[in-house]
Amino acid sequence: MTYISTRGNPDAVSFSEAVTLGLAPDGGLFVPASFPRFEVTDFDGRDSLPAIAQTLIRPFFAGDALAGELDAICEDAFSFPVPLNVVDENATNPVRVLELFHGPTAAFKDVGARFLAACLQRSAGASVDDPLLILVATSGDTGGAVAAAFHNRPGIDVGVLFPKGLVSPRQEQQLTCWGGNVKAFRVSGVFDDCQRMVKAAFANEAFTQRRRLSSANSINVGRLLPQMAYYAASSLWCLRETGKAPSYIVPTGNLGNALACVWARHVGLPIDRIVLATNANRTIPDFLASGEWSPRDSVATLASAMDVGNPSNAERLRHLFPDSGELATKLRAGWVDDDHIRQRIASDFGRGADAWCPHTATAMELYARMSDEDRASAPWIAVATAHPAKFETVVEPLIGQTLPVPAALAELLDRPAHAVDIAPDLDVLLSHL
Ligand SMILES: *Cc1c(COP(=O)(O)O)cnc(C)c1O
């Protein structure tokens, strides 16, 4: 298996090279040169997430230096449960919720970050004498997950950039509580500024000669493969239970999580429809409706980890389906404003459901807006991307209660924090690295 750039540079690289480089040399994103094809029966006798992940990811590692380590990497990375729960068993069309928030930082990004860390630690790139520098822009959750996953892994340094004042206090704590090999930068700008600075650092030759760089945000292909694994596992669990392939609603920002779902369906997992739920940053719903790609500045919303105006992974999606007419038949999308996020959290909780984080609430809101016919057409799985206690300042006033904090998160909240304040200026950033 080799990986190629979305921008047409014909040089193919191995999985390990794609992961270490992060971004392709022509500025594109790495995608598999060809996708393997699975039958449902390929997963017979495999039920746990790590076991399903090993089968799914094996062809993507074929011929790579890490191929022999895949089983160990899966055991290291998939170290926490990913439960699929039914909400309201008595409803005619109960929705299932795939809870991706049981990792160390209580959001789905722990899955990809831990897998990537497990890979990089075992790769030739990690070096105690000349540490690999993982540079990552975050709208909130990526950075914490990456920091947690890489903290204290030898031979690797981490620089995390986040937009000042645009992440929740608990998210900020998770970005800044590490020290050691992890440095946090509080940028006076928005997420797109942080992302631009990271891209500019990669493109800066003087800097890349001084430091070996790698990315760990959702543009790294090493994050996408493990995310496919929870779609593979949950779709198989649901098929085995109901006899039907499920459809998914995925809260979407930079499009990494949803792209993994698209890839999982593309390689043959039993996945019916895929609906993307965004907040008021509606670049993707507008694109699917009009066929025209018009990225724009992001706007701040309650679902802050999805405040992305120019979703990077759209480039991979459009590489897979270059014809926007065909793409529009593969996906649906809708967007949810802050008022409806608030209402959905309050009303579902009032009906006895769990409290949703604001991101998960966008998916629940789109489910609530569907026709009965749509809801009856397949078992629907809404993807829960974060624990509500991570966004307690939004959620607690809406439900009128204090949320219990998961144990792993509570431990991080007690640690001392430190960040470097910087302007959105590449030279300033590089001077600190
Ligand atoms: C990152 C994030 C999202 C968006 O995921 P993408 O892969 O960027 O589309 C949604 N919800 C939460 C809680 C997140 O942290």
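Predicted model: local features only at pLDDT ≥ 70, side-chain atom pairs only at ≥ 80, totals over all residues.

Me: How many cavities of 30 Å³ or more does the structure hold?
Reply: The largest cavity has a volume of about 250 Å³. The number of cavities of 30 Å³ or more is two.

Me: Which helix supplies the largest share of the lining of the largest cavity?
Reply: This cavity is lined by 26 residues, with Phe-108, Lys-109, Gly-253, Asn-254 and Ala-305 nearest its centre. At least two lining residues come from each of α5 (141-150), α7 (191-203), α9 (221-242) and α10 (256-266). The largest share, three residues, is supplied by α10.

Me: Which cavity is the space taken by the ligand?
Reply: Among the 14 residues that surround the ligand, the closest are Lys-109, Asp-141, Gly-253, Asn-254 and Thr-385. Lys-109, Gly-253 and Asn-254 also belong to the residues nearest the centre of the largest cavity. The ligand takes the space of the largest cavity.

Me: What percentage of the area that the ligand exposes when taken alone does the protein bury?
Reply: A polar side-chain atom of Lys-109 lies 2.4 Å from an oxygen atom of the ligand. Of the 380 Å² that the ligand exposes when taken alone, the protein buries 98%.

Me: How many charged residues are in the lining of the second largest cavity?
Reply: The lining includes Thr-252, Gly-253, Asn-281 and Pro-311. Its residues divide into four nonpolar and five polar, and the number of charged residues is none.

Key
Residues numbered from 1 in each chain as written. Heavy atoms only, no water. 1 Å grid on protein atoms, 1.4 Å probe; cavity = no way out; pocket = protein on both sides within 12 Å on 5 of 7 lines; lining within 4 Å. Points joined across faces, edges and corners; volume = space filled by probe spheres on them. Helix = DSSP H or I, 4+ residues; strand = E, 2+ residues; numbered from the N terminus. Nonpolar A, V, L, I, M, F, W, Y, C, P; charged D, E, K, R; others polar. Near = heavy atom within 4 Å. Polar contact = N/O pair within 3.5 Å; in protein donor to acceptor, adjacent residues only side chain to side chain. Areas by Shrake-Rupley, 256 points an atom, 1.4 Å probe, with all protein chains shown as cover. Sits in = over half its atoms within 2 Å of the grid points.
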